[in-house]
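Reader: Hello! I would like to learn how to read the features of a structure, step by step. Could we look at one together?

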Amino acid sequence: MVFGKRTFKRQDQLGLSDIIQDSVRSRSTANLKKFAQEYKFRRKMEKYAKIFGGALSGVILLFSVISYVYQPVVDPNANQVIDAIDRNIFLRINRIDNWNTGGFNRLQAINDDNYQVVLPLNPGEYELKIADQGWTFPYIFGFNQPGLNLNLNEDVNLSNNEGNQNIKLSITTVGAYQFTFTANLPDIFLLNCKKLDI
């Protein structure tokens, strides 16, 4: 038997003993050495590939687990970040002009962080939100949970996430009420309401 294409094709399918037998039959010592070296080299490379391939897979798996376990937790109730209040914002109230906007309920900037408006209110139950002209998120501010009330003379935290709830306010005495909206940018928003003595 002469070593030719058939033997080269078969060497991946044959063991070392088969290669030796084929080489002996062909009486070619040079071919025997050549094929034996190629076979040993190939087997050694396969062994290294298994070792290093397994180690690499293990490292990738470890990093995947670490990145999953230590990924940052995002609070779904966290406020959206705002770089600036770059538009008119209004104290929109259900019982005053049906949530509409106008000069009467626009919050006036009194410094970089605070906005105020004074409204005459009669006794009753009110619902309100702070929002821009077009009800555009993240410029709509309300309570994070339903059923909360705004108490007079207390700073309350507001949320600007979609789905925030109306702010409820109970008024027992007719009078002028000052609302102060504080925007500690980028993501802290407060509201205060107090009755003015006038």
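Reader: Which backbone oxygen lies 3.2 Å from a polar atom of the side chain of Asn160?

Author: Welcome! Keep in mind that this is a predicted model. A polar contact is a pair of N or O atoms within 3.5 Å. Here the backbone oxygen of Pro138 lies 3.2 Å from a polar atom of the Asn160 side chain. The side chain of Asn160 also has a polar atom 2.7 Å from the backbone nitrogen of Gln80.

Reader: Where is the place of Asn160, and is Asn160 buried or exposed?

Author: Look in the loop between E6 and strand E7 (167–171). For burial, the general idea is a cut-off: under 20% relative accessible area means buried. Asn160 has 0% relative accessibility, so Asn160 counts as buried. Leaving out residues up to four places away in sequence, Asn160 touches Asn79, Gln80, Ile82, Phe137, Pro138, Ile140, Phe141 and Phe189.

Reader: Now for the rings. How many aromatic pairs does the structure hold?

Author: The structure holds five aromatic pairs. One of them joins Phe141 and Phe181, and this pair is tilted. A pair of aromatic rings is described by the distance of the centres and the angle of the planes. For Phe141 and Phe181, the values are 4.9 Å centre to centre and 55° between the planes.

Reader: Which parts of the chain does that pair link?

Author: Distant ones: Phe141 is in strand E5 (residues 140–141) and Phe181 is in strand E8 (residues 175–184), 40 residues apart. Phe141 counts as buried because its relative accessibility is 0%, and Phe181 counts as buried at 0% as well. Together with Tyr115 and Phe189, Phe141 and Phe181 form one aromatic cluster.

Reader: Let us turn to the strands. How many bridges join E8 to E9?

Author: For strands, we look at bridges and at the sense in which the strands run. E8 and E9 run antiparallel and are joined by eight bridges. Between E8 and E9 is a hairpin of three residues. As an example of a facing position, Gln178 stands opposite Lys194 in E9.

Reader: And in which sense do E6 and E9 pair?

Author: Strand E6 (residues 156–157) pairs with strand E9 (residues 188–195) in the antiparallel sense, over two bridges. You can find Asn157 with Leu190 as its bridge partner in E9.

Note on methods. Residues numbered from 1 in each chain as written. Predicted model: local features only at pLDDT ≥ 70, side-chain atom pairs only at ≥ 80, totals over all residues. Heavy atoms only, no water. Phe/Tyr/Trp six-rings, centres within 6.5 Å; stacked < 30°, edge-to-face > 60°. Helix = DSSP H or I, 4+ residues; strand = E, 2+ residues; numbered from the N terminus. Buried < 20%, exposed > 50% of the residue type's maximum accessible area, 1.4 Å probe, protein only. Pairing = 2+ DSSP bridges. Polar contact = N/O pair within 3.5 Å; in protein donor to acceptor, adjacent residues only side chain to side chain. Contact = heavy atoms within 4.5 Å.
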